[in-house]
Amino acid sequence: MMGYGYYGMMFDPTYIFILIGVAISLIASANVKSTFAKYNEIDSDSGLRGCDVAKRILELNGLCDVAVEHVSGDLTDHYDPATRTVRLSDTVYGERSVAAIGVAAHECGHAIQHQHNYAPLGFRSALVPVANIGATISWPLVLVGLFMNASLGKYLIGAGIIMFMAAVLFHVVTLPVEFNASRRALANLKQYHIIDDNEVDMAKSVLVAAALTYVAGVLSALLQLLRLVLIARSFTDDE
Ligand SMILES: [Zn+2]
């Protein structure tokens, strides 16, 4: 029998792994949105806005040269290591909620990681181009491989799987980077008494929900990898 075959792919049972991955990601994303919405209703007694908290944390860590800017959109907050800028979104920059303050502090956590040359941050940045190429080229390689004869096909499928692993590795390395940024954020909020301890706990709930979206990203990438491996195995079994 030739390779995986056209009908095999049409009724591919391993597609269930993709659906499970999508479901996990949707649940994690709905969870972070509802958690953020809940704590976005609670203003901090400090009266500080997200941008004020960011500037204060940066200053306390000797990072006065890191800029704090507004960026449009929802949950678009990020730290840009190239320009050393903390960018805070509509619901964070000018807002006084404990949710906004938690997110603002988290982005400063990335700036502090950069300052301390935190290794996983550098590793993740270096992986970005490799992971992008891997995610783009892996499936075309596998698909072409499936329609080749077995001896050539298995090399192409193997190459596709290795390329996809680069994308999976990126998701895995993202975990320590994100968890560590949140840990630094909460430590700063508490240590410098920027908000009270009860508010720090609420900010923590938001950051934990955000971290779970990255865990979901890893799970869904691993499920996709598992699917690729199963497809490759059925191809070699058909030889
Ligand atoms: Zn982050």
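Colleague: What order do the elements run in, from the N terminus on?

Modeller: They go α-α-α-β-β-β-α-α-α-α-α. This is a predicted model, by the way.

Colleague: How many helices and strands is that?

Modeller: Eight helices and three strands.

Colleague: And what does the C-alpha trace span?

Modeller: About 70 × 35 × 25 Å along the principal axes.

Colleague: Let's turn to H5 and H7. Where do they sit in the chain, and how do their axes cross?

Modeller: H5 covers residues 98-115 and H7 covers residues 150-191. Their axes come within 7 Å and cross at roughly 115°. Angles of 65 to 115 degrees count as roughly perpendicular, so that is how H5 and H7 lie to each other.

Colleague: Is the crossing left-handed or right-handed?

Modeller: H5 passes H7 in a right-handed crossing.

Colleague: Which residues meet there?

Modeller: From H5, they include Gly102, Ala105, His106 and Cys108. Among their partners in H7 are Asn180, Ala181, Ser182 and Arg184. The contact of H5 with H7 has six nonpolar residues, eight polar and one charged.

Colleague: How far apart are the end C-alpha atoms of H7?

Modeller: They are 61 Å apart. With 42 residues at 1.5 Å a residue, H7 should span 62 Å, so the two agree.

Colleague: What follows H7?

Modeller: Histidine 193, with a positive phi near 50°.

Colleague: Back to the whole protein. How much of it is buried?

Modeller: Of the 239 residues, 38% are buried.

Colleague: And what share of the contacts with a separation of 6 or more joins residues 24 or more positions apart?

Modeller: That share is 75%.

Methods. Residues are numbered from 1 along each chain as its sequence is written. This is a predicted model: local features need pLDDT of at least 70, side-chain atom pairs count only at pLDDT 80 or more; totals for chains, interfaces and linings use all residues. Axes are lines fitted to C-alpha atoms, for helices over the stretch in contact, and angles run from 0 to 180 degrees between N-to-C directions. Helices (H or I, at least four residues) and strands (E, at least two) are DSSP runs, numbered from the N terminus. Angles under 35 degrees count as roughly parallel, over 145 as roughly antiparallel, 65 to 115 as roughly perpendicular and the rest as oblique. A crossing is left-handed if the near helix is turned anticlockwise from the far one by less than a right angle, and right-handed if clockwise. Two residues are in contact if their C-beta atoms, placed from the backbone, lie within 7 Å. Ala, Val, Leu, Ile, Met, Phe, Trp, Tyr, Cys and Pro count as nonpolar, Asp, Glu, Lys and Arg as charged, and the others, Gly among them, as polar. The expected span of a helix is 1.5 Å times one less than its number of residues. A residue is buried if 20 or more other C-beta atoms lie within 10 Å of its own, exposed if 12 or fewer, and partly exposed in between; C-beta atoms are placed from the backbone.
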